[in-house]
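Have the model open as you read.

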Amino acid sequence: MSLEDLKTTLRRYPKLVGLGGVGILTTAGFLLYGSPQARHFFGQYVDKKAPESDKRRAEYIYIKYHIYRESMRKMQQKQEDEKKWISVIINPLGKWWKTAKHSVAWRLLNIAQTGSQPERLKAVQQLVCMDHLKDWDFRHLAQICDARTAVSLARCGADTRWFMPVHRRGCIKNPKMLLSELHGMLARLRPMGCVQHFFSKYFPDQDPIEDIHEYLNQEQTIVLATADTDLLKEIISFLHHITKDPDASAKIIKDGGLVHLMELRKIFCDDNETLSTLCKVLANMSVVPDVVEHFFTSGWVGTLAEWQQCADLRLQVVSAKTMANLDHDDPNQCTYPPNVYPLHPRVRTRRKPKADIVFVHGLLGGVFITWRQRDRKPTELGLYGKNAFYTSKSDDVFLVGEQKRVNGTKQKKGQGRPLVPAQNAGDNNQEENKANGQPKVEGFKDPVLKAIKKVEEDPVMISDAATKEFVETLRNQPELDSDWEVVHPDIPLDANMNCEGKFSMSGNEWRNQENNEEYTNCWPMEWLPDDYPDSRIIGIDYTSAVTEWSANFTKYCPCEKGQGHIDVRASTLLERIAVSDVGNERPIVWIGHSMGGLLTKLMLLKSIDSHEPKVQQIAKNTKGIVFLGTPHRGSSIAKWQQHIQMILSPSIEVKEMEENAPKLLEMHRRFMGCLNTALRHCKVMSVAEGSPTMLTTFKFPLRIVTEESSRINFGDFYLLKDDHLCLSKPIYRQSFLYQRLLHVIREAVKESQPDTKDQNEIPQTTPNQEVILMNIVAALLKGAKGLFEYLPRVAVRFNT
């Protein structure tokens, strides 16, 4: 047969050819694989591992027979108990109780979302008091809660389970990708001069990112270099600078900036100082109108609610400020712009405040620096310190002007930081952190400015009732009788002839606090509310420096260089204080330390000259001023700039406080004239330092403000034995300084509001029948909760 005949035959039977070819190849494959050499050759390219499904086969747990028998016996006993007549009565009541408590929560939430303002306020208060719900109840309610109600719950101190967890909890965004996105977000703010200056000096263009994971979970780890960590902190500080402009804040929010800030919060979850700066960025953004929904959807409402209840005072104050700006349903709502911080109240209140008490710190001071309780150890002042309320550097002086109370862990230079997404929410409780499932950055921990630590006495463990009552009576008795008279430990060395007030107290009123372990980092926030709960306490915070080298607040924008002038700073602070509605139909008491007293004087002079009603009311309602070491005629420390100007390079603030400076003398002359005219009903108290202050830089004492410079020929004047720093730090509540300050506040409130009982109550409207019914049902359920929980125990005992 020729080749052409063979081709013709194969074309007639194509299927036979295909089957034959497959059979030949299969036979050859079996023969080759049967030989050891062939198996070894093909085994190099074949994966001999078991399939993934085989790896994850179900594993059985074998229960021992006696455990199985006991569980079955309990199940049968439960079924028999349910058939008894007592269970027939109890079970329907239990089911009704569960249904009732669930339905009340859902109906109250509906009223909080759709009712009128008085109805919403009452419904939110009832929801906050509910503590009998399960975790799944809170999660369900959080899913149907809206932004306005969530903010109201957070402002009233509700359980954190009312809020949804943050997006992608347990994951951290890759820092390299986050830096790239932050660069693109800031680049879209051009042509702002601040952004261009920041890019050219700190934030260059980022390299393109390829083949990296967008999010890191618990199984992935990446080491963040120290340079990247410092760059992220610089970005947070720069955002704090540019968000003071509401237009820039609105653009950042519209561009998704709140989501990027949440990722920064995950990275620095253990760095409380950086978190406080990040929270100030949020506070600046919260002033923008109609941003509540953006904060709610990005998860910041729940995070701010957690920060309001955390241990660090800085996060408590700044988060409370942010939530107050977002809470437009509060009948006493007011806006707190930058530099203004509400120290009390930090939650919703039913009554309007009866007085505004404003604290203004001085040079190198801060809210949690100047107004701290005095240490028992001698204090020193450093010239090259930074404001602990503003700085983002971990190796700076944490508390300027005093020794460090907490030694934070310092990181070695050049050492990277491992980013490990862990179950942590930034709190100290590890078990709670694991439950919350928040990411954690290991390798850095920041010291915490904790709230006052109250020491509780041990209970009397005596069985005999009469003896126990006798011991408790002895414990509660005062150390001294009323016949004794105790002189204040910080009694003034000298005073003017017109001064009045008590320099001692009765023995039965005296409480010895020499060995008391309680300590406060901010006595206006933790002491004054106990004495004046109906007042609003505001802390003014701003950055300042002694030398140009330590003026870190001017590095992000050249336009900030002129902000150090006292006239410019006073105008800015006055405008922002007026926005906070200070002095609206209530008296104002000013407490200014050092340069803060000069700013107070200048703000009052500008308020008198202003034509705006909101600004005029500040001077009109000022009823008390306390000057603590205020250099009315300048400070001798400013003379140093003539001798060591080449070394220290004094700042603008120091140059303007030169002794007998013409601007200071003219301002003092005008202020004295206003005390006899517009401010003639104002109570004034001046306190001078009687001891020199120790400088850490040169290790020698210096009288910062002399007695002549701090003396003012109006009101009371006292010369204390303390140095310049301790004038703003009472040693404890019963010190002369604190008691005299309470006297000034008491007199200011008494003179301005005689017979104003119930004047500031929130106007009550008649609630509808549904709200009344809900309140009655909530009260009944709360009272019957213990009864229904105890009934099953009674039933078991009865059956037994």
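Arginine 73 has a relative accessible area of 45%, so it is partly exposed (buried is under 20% relative accessible area, exposed over 50%, and partly exposed in between, with a 1.4 Å probe and protein chains only). Its side chain meets that of glutamate 70 in a salt bridge, 2.7 Å from N to O; the term stands for a side-chain nitrogen of Lys or Arg within 4 Å of a carboxyl oxygen of Asp or Glu. Glutamate 70 is partly exposed too, at 33% relative accessibility. Both residues sit in helix α5 (residues 65-82), 3 residues apart, which means about one helical turn between them. Helices here are DSSP runs of H or I with at least four residues, strands are runs of E with at least two, and both are numbered from the N terminus. An α-helix has 3.6 residues a turn, so residues three or four places apart point the same way.

This is a predicted model, in which local features need pLDDT of at least 70 and side-chain atom pairs count only at pLDDT 80 or more, while totals for chains, interfaces and linings use all residues. Residues are numbered from 1 along each chain as its sequence is written, and side-chain values use heavy atoms, with hydrogens and water left out.

The whole structure holds 25 salt bridges. Three of them are set out here.

| Pair | N to O distance |
|---|---|
| Arginine 73 and glutamate 70 | 2.7 Å |
| Aspartate 609 and arginine 670 | 2.7 Å |
| Arginine 669 and glutamate 666 | 2.6 Å |

Aspartate 609 belongs to helix α25 and arginine 670 to helix α30 (residues 662-675), so their bridge ties together parts that are 61 residues apart in sequence. Aspartate 609 is partly exposed at 47%, and arginine 670 is partly exposed at 33%. Arginine 669 and glutamate 666 are 3 residues apart in α30, about one helical turn. Here arginine 669 is exposed, with a relative accessible area of 53%, whereas glutamate 666 is partly exposed at 38%. Elsewhere, salt bridges with shared partners join Arg155, Asp327, Asp330 and Arg348 into one network.

The lysine 601 side chain does make a polar contact with the side chain of histidine 632, at 3.0 Å. A polar contact is a pair of N or O atoms within 3.5 Å; within protein, one must be able to donate a hydrogen and the other to accept it, and residues adjacent in sequence count only if both atoms are side-chain atoms. Beyond four places in sequence, lysine 601 is in contact (heavy atoms within 4.5 Å) with Phe627, His632, His668 and Phe671.

Now to the nonpolar cores, sets of buried Ala, Val, Leu, Ile, Met, Phe, Trp, Tyr and Cys residues joined through side-chain atoms within 4.5 Å. The largest has 109 residues, and Phe295 and Trp300 are among those that touch the most other members. Helix α32 (residues 736-752) gives the largest share of this core, 9 residues. Apart from it lies another core of 43 residues, including Ile538 and Phe627.
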